[in-house]
Amino acid sequence: MTANLVGAYSTDILSKFDTLVSDIFADFNDPIRTYQYEAYYADRDTVMRIGIRLAGLVCLHEGSTITEIGTDSGFGALTLALFSKNCEVYSCDIREESIIEAKKRANRLDINNVHFVHGDVDALAAALPSRATFAHVDAHHTKEACLRDLEGIYPYLFGRATLVVDDVDEANGVRSAVDEFLQNHPELIHVPTYYNFWVLRNGLEAKRR
Ligand SMILES: C[S@@+](CC[C@H](N)C(=O)[O-])C[C@H]1O[C@@H](n2cnc3c(N)ncnc32)[C@H](O)[C@@H]1O
């Protein structure tokens, strides 16, 4: 199933992705663990679908720096690391336990092109070796927090970068933040893709291609 949806990836990558999904789902199923969005990951297929969508969004960004704000379990960052060839992924979280767990998970799965940063968007920006071509904004879902993340990461992206905002259709705060961010940056356009994942790109740069 994974192979059909994400295209030409090696069986090694696809089987690692499958292991990652199982690893994440095992944790979500553990009643002792408390996860912010436990109910959302109701079944293994949902976890896999979310990952496949992220993989589809990142797969064109070869050989560059990829960023994520909001690590949590590390699922998003590890998926991005698996599917973005020759890229280095930088993901941050203000919750230290999240960073510790995500690092353990990366070691367990032998995924080495991912760097977990403890802190907010400013800490992430300080850790970047170069400007990035991709950002997955998926942290706190209030308008103020999300707008801060969007404005915080935007200067660290290249003109033709892809900015993916998660949970836009399900969190009012995120939607309001994106609306204001788009007003602040008229050069950006919303490229409709999947439900809940809003892709923003620089429309002026796109025309120059
Ligand atoms: C929705 S979860 C992230 C899910 C993850 N991106 C994934 O794909 O599996 C949100 C995470 O953002 C973190 N967070 C909240 N506020 C933050 C901030 N200002 N900066 C960085 N991370 C933050 C929370 O601790 C939580 O782990």
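Helices (H or I, at least four residues) and strands (E, at least two) are DSSP runs, numbered from the N terminus. The model described here is predicted: local features need pLDDT of at least 70, side-chain atom pairs count only at pLDDT 80 or more, and totals for chains, interfaces and linings use all residues. Residues are numbered from 1 along each chain, as its sequence is written.

The protein chain has nine helices and seven strands. Of its 209 residues, 39% count as buried, where buried stands for 20 or more other C-beta atoms within 10 Å of a residue's own, exposed for 12 or fewer, and partly exposed for the range in between, with C-beta atoms placed from the backbone. Contacts are pairs of residues whose C-beta atoms, placed from the backbone, lie within 7 Å. Among contacts between residues at least 6 apart in sequence, 68% join residues at least 24 apart.

Arg160 counts as partly exposed because it has 14 C-beta neighbours inside 10 Å. Its C-alpha atom is separated by 6.7 Å from that of Arg201, 41 residues apart along the chain. Leaving aside neighbours within four places in sequence, Arg160 is in contact with Asn202 and Glu205.

Next come two helix pairs. Their axes are lines fitted to C-alpha atoms, for helices over the stretch in contact, and angles run from 0 to 180 degrees between N-to-C directions. The axes of α7 (residues 143–153) and α8 (residues 172–184) come within 8 Å and cross at roughly 45°. The pair is therefore oblique, the class left once angles under 35 degrees (roughly parallel), over 145 (roughly antiparallel) and 65 to 115 (roughly perpendicular) are set aside. On the α7 side, Lys143, Cys146, Leu147 and Leu150 meet residues of α8 that include Gly173, Val174 and Phe181. This contact has six nonpolar, two polar and two charged residues; Ala, Val, Leu, Ile, Met, Phe, Trp, Tyr, Cys and Pro count as nonpolar, Asp, Glu, Lys and Arg as charged, and the others, Gly among them, as polar.

For α3 (residues 44–58) and α4, the axes come within 9 Å and cross at roughly 45°, so α3 is oblique to α4. Gly51, Leu54, Ala55 and Val58 of α3 make the contact with Phe75, Gly76, Thr79, Leu80 and Phe83 of α4. By class, six of these residues are nonpolar, three are polar and none is charged.

Notes
Contact = placed C-beta atoms within 7 Å.
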